[in-house]
Amino acid sequence: MQSKEPVRNEYLDQVREQQQRVEVDLKARKVMSPVQAQQNMAPMRRAAAAVAERTGNAVDVRVTGFWRWKTVIVPPNAYVVHTRRGHPQPLHIGLGVSFRFDPSKDSFIVAPGAMQTIMINAHCICRELQGLLVQGYVQWIIEDFGTAYRKLDFTDAEDPMRVVNVQLREQAEAAIKDKVATMSIDAVLSDKQPIIEELTARLRHVAEGGGGGDKGLGLRIVTVQIKEAVVSSARLWESLQTPFRSERERVARLASLGTEEALAHRELEVEQARERMRLESDGELAMLRAHKNAEAYDREQTEQLRRQQREEEDARRLAVDRQQSALQAAELEKARLAVETELTKQKQEAEAAKHKREVLALTEVSDVERAAANRQAKMELELLETRQRILNELTPANVQARLVELLPDIAEKLPKPQELRSVSIGGSGGAQDGQGVATLVAQMMALVNILKTDGTARAPGQAVVVNAGAKEGKGELPPTPAPR
């Protein structure tokens, strides 16, 4: 026979583990004894008399002074209770109360006065014996510290509120489990208000008391909230979701089918309307196209007729223009010929006038030349006549007299002679005056030749003396007579 292994109860294991954790949390972490604290603080007391000391409490409490003369300074948001040996009632109790402290006979407890928040994670069993995790939180605050410090444990060194929070959390989890055990899983998941009301009533009864002289724990519950309820089994959670999902899928599918049917019907209507509109549009387009074609044909025929008429008009106008151009050309040619004839006539007249002017000018020039020549000939004749008259009037006696007058000027211009030569010019004259003049000229030429031939050979200081007898002779130069 095969032995079956026992099924492990995971929920029981979780409960045991949580119970052990709660037992550990309920044990407060105590503060170090004053003797040990004094022994550990002995080296620090030598520094200064007014050095502040810190306690092991989580609240920021300062202890100043030395030995038995100390002062505890409490922050304004913290509760404190101060007791002394021999006094049945606390010396100081309240919020933010500072006081003098004697370590040998005094003691005090400090707790924060701020609101506290407890996070709750309750593993519950519902009416259908299914596991649920209910998450929530509780916020509370100290209302009467005189009652709270007597009934609650605020002696934890690290967190004075830790033990109180653990106790309240356990009570809250127990209340949630009791309430969930009487509810179905659908009620827990859909409506959390019954759980909140049950948890609030129980916590307020414990914390604030049942009324009358019972003040409870001196606390006040501020708020209670359930954040979430989760099914522990994933398969159960999926099964719970299946009906809703199936219903949603059915509704969605029906809606999709309805939408598709509506869309198909609408698409068919739209397609029919579109086809109808297309056919109507095609008919209208065909009619419009035929109308446009007819208009285009009429327009083309009209344009063709207009072009033909325009071409005929242009041809007639061109023929008329060519005829007018030919007539104008003939008239212009006629006018040109007339102008050329007139110009030729004027040119011939101008040439004839020019030739006439040239002939007249030549005639005038010839006349002027002939007149000038005549005047020149006349003047030459007059000059010859004058010369002849002069020659006729010239006698040997006159020539000699003229030479005698010119001899002083000639003698002045001649160099001083050193040798005297005499040439005699003269003699008996001819029977006529002309012969005498010819003889005189011949003698003068002979004198000039002598002067030319002897000018270089004659030494300075020689002179030639010309006598009337045309004889040459040499001799010393006589003294120059003074001019008369």
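**Exercise 1. Decide whether cysteine 126 is buried or exposed, and state whether it takes part in a disulfide.**

Cysteine 126 has a relative accessible area of 2% and is therefore buried, a value that, like every other one here, is computed from a predicted model. For the second part, recall that a disulfide is a covalent bond between the sulfur atoms of two cysteines. A search of the whole structure finds zero disulfides. In keeping with that search, cysteine 126 is in no disulfide, and the nearest cysteine sulfur, which belongs to cysteine 124, lies 9.4 Å away.

**Exercise 2. Classify the ring pair formed by tryptophan 67 and tryptophan 69, and determine whether each residue is buried or exposed.**

Begin with the search of the whole structure, which finds seven aromatic pairs. In one of them, tryptophan 67 and tryptophan 69 have ring centres 5.5 Å apart and planes at 65° to one another. Since planes over 60 degrees apart count as edge-to-face, this tryptophan pair is edge-to-face. Next, consider accessibility, where exposed means over 50% relative accessible area. Tryptophan 67 reaches 54% and is therefore exposed, and tryptophan 69, at 56%, counts as exposed too.

**Exercise 3. Classify the ring pair of phenylalanine 145 and phenylalanine 154, and find which residues are in the cluster that ring pairs link.**

The two ring centres of phenylalanine 145 and phenylalanine 154 lie 5.8 Å apart and their planes meet at 40°, so the pair is tilted. As for accessibility, buried means under 20% relative accessible area, and so phenylalanine 145, with 3%, is buried, while phenylalanine 154, with 2%, is buried as well. Finally, ring pairs join Phe145 and Phe154 with Tyr79 and Tyr149 into a cluster.

**Exercise 4. Locate threonine 147, decide whether it is buried or exposed, and list which residues it touches beyond four places away in sequence.**

Threonine 147 sits in helix α3, which covers residues 145-151. Its relative accessible area is 14%, and for that reason threonine 147 is buried. Leaving aside residues up to four places away in sequence, threonine 147 touches Lys215, Gly216, Leu217 and Gly218.

Technical notes: Residues are numbered from 1 along each chain as its sequence is written. This is a predicted model: local features need pLDDT of at least 70, side-chain atom pairs count only at pLDDT 80 or more; totals for chains, interfaces and linings use all residues. Side-chain values use heavy atoms; hydrogens and water are left out. Rings of Phe, Tyr and Trp (its six-membered ring) pair if their centres lie within 6.5 Å; planes under 30 degrees apart count as stacked, over 60 as edge-to-face and the rest as tilted. Buried means under 20% relative accessible area, exposed over 50%, partly exposed in between (1.4 Å probe, protein chains only). Helices (H or I, at least four residues) and strands (E, at least two) are DSSP runs, numbered from the N terminus. Contact means heavy atoms within 4.5 Å. A disulfide is a pair of cysteine sulfur atoms within 2.5 Å.
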